[in-house]
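The following note sets out points for a colleague's reading of the model shown below. The points are numbered for reference.

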Amino acid sequence: MKYNITSYSTALFSTWINVEELNLLIDAGDGLSAGLLQKSRKIKNVFITHPDRDHLNGLPQFVQLNARDGFPRIHYPKDSGSFPAMSSFLKKFDPHVTSSSWVGIEDSSRVEIKNNILVEALRNKHIKAPQGVHKSFGYKVYEVKHKLKTEFQSKSSSEIKDIVNIHGREFITEKIETNILSFSGDTPVDDYSKWDGSEILIHESTFLKNEGDSQVESKGNKHSRIDEVLQMVKEINIGTLILNHFSSRYSKEEIDSAVLKLIKEYKIQIPVFLVYPGEIKRDILRTTPINGTMNSD
Ligand SMILES: [Zn+2]
């Protein structure tokens, strides 16, 4: 399935990603409501990667416009104090808005956002925190399917019915989980295996060159460099790559030429899409990838 993914993402200023069919928003930087307009009203679940302001400052307007019967559900790394603070501020600021829910989650938590669609949190190294303290995540989205086990595939439907009556449905099916989408969050490149097998990987690529990683966002939080991201992508199995969170110091031309050079160097065959600084990129998968007119299905 080709999802309708729309994103704005510029390091330091704002990042948000909407996956329309999943009623999902990952990160909630400034401008998300103005950028998505009515489409923002379809969002039911929000997952924030970390409490840097460029990833959450769009929440007040979004929540104010969209709160209804327990929605939206806003998931955040459990030990980030910014979210309870914002939630209680918003309750005073917009007392008529009562129904949003705020859910602190831990590393490896899994949240069902739709029938057979799960979102999993994965700790990353953007913010230093002791083990067991949860402050910064990437997210993986899984589709779960129940497939008939091979040994039952030749049975007739009445035989299957009988077996299910005796042993239950679990007995004849196996669970297949497909990692349909992943988002790195803000992070340095670390463990390659994290994203291996993602059908679509959205990865941050703040820097084109080695320019230190404390200049773009304060507090010494860590980011990725484009060559490290593409080297990882070369080593693992990914269907489609979307790069976002570039620093605004780079022009489109600089980004294009750095990315194309590395795609060639690392012989990357999958479609690669770019979210340029300062621009909303709508329905990304239906645009033309930087490396040609490849079919990204
Ligand atoms: Zn950021």
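1. Directly after helix 6 comes K267, a residue with a positive phi near 50°. In this predicted model, helix 6 comprises the 14 residues 252–265.

2. Which residues of helix 6 are buried? They are I255, A258, V259, L262 and I263. Viewed down the axis of helix 6, these buried residues fall within an arc of 130°, and therefore line one face of the helix. An α-helix has 3.6 residues a turn, so residues three or four places apart point the same way. The cover over the buried residues of helix 6 includes helix 5 (226–235), strand 12 (240–244) and strand 13 (272–274). On the face turned away from the buried side, helix 6 carries the exposed residues E253, K261 and K264.

3. The model contains an open sheet of six strands in the order 1-2-3-4-5-6, with mixed pairing. Strand 1 (5–10) and strand 6 stand at the edges; each has a single partner strand, so one side of each is left without a neighbour in the sheet. On average, and with direction ignored, neighbouring strands of this sheet are turned by 20° against each other.

4. Strand 2 (residues 14–19) and strand 3 (residues 24–28) run antiparallel and are joined by four bridges; N18 has L25 of strand 3 as its bridge partner. Strand 4 (residues 45–47) and strand 5 run parallel, with three bridges between them, and N45 is bridged to R73 in strand 5. Strand 5 also pairs in the parallel sense with strand 6 (residues 101–105), over five bridges. In that pairing R73 has S101 of strand 6 as its bridge partner.

5. Helix 3 lies across strand 5 and strand 6, running at about 170° to strand 6.

6. Strand 5 (residues 73–77) has four of its five residues buried, so it is largely enclosed by the rest of the structure. In helix 2 the buried residues are L59, F62, V63 and N66. Seen down the axis of helix 2, they fall within an arc of 95° and so line one face of the helix. Their cover includes strand 3, helix 1 (32–36), strand 4, strand 5, helix 3 and strand 6.

7. The peptide bond from F71 to P72 is cis, with omega near -10°, and P72 belongs to the loop between helix 2 and strand 5. D69 is placed in the loop between helix 2 and strand 5; its phi is positive, near 30°, although D69 is a residue other than glycine. D27, also not a glycine, has a positive phi of about 65°, and lies in strand 3.

8. Are D69 and D27 buried or exposed? D69 has a relative accessible area of 70%; exposed means over 50%, so D69 is exposed. D27 has a relative accessible area of 0%, and buried means under 20%, so D27 is buried.

Notes. Residues are numbered from 1 along each chain as its sequence is written. This is a predicted model: local features need pLDDT of at least 70, side-chain atom pairs count only at pLDDT 80 or more; totals for chains, interfaces and linings use all residues. Side-chain values use heavy atoms; hydrogens and water are left out. Buried means under 20% relative accessible area, exposed over 50%, partly exposed in between (1.4 Å probe, protein chains only). Helices (H or I, at least four residues) and strands (E, at least two) are DSSP runs, numbered from the N terminus. Two strands pair if DSSP finds at least two bridges between them. The expected span of a helix is 1.5 Å times one less than its number of residues. The arc is that of the directions from the helix axis to the C-beta atoms. Contact means heavy atoms within 4.5 Å. Axes are lines fitted to C-alpha atoms, for helices over the stretch in contact, and angles run from 0 to 180 degrees between N-to-C directions.
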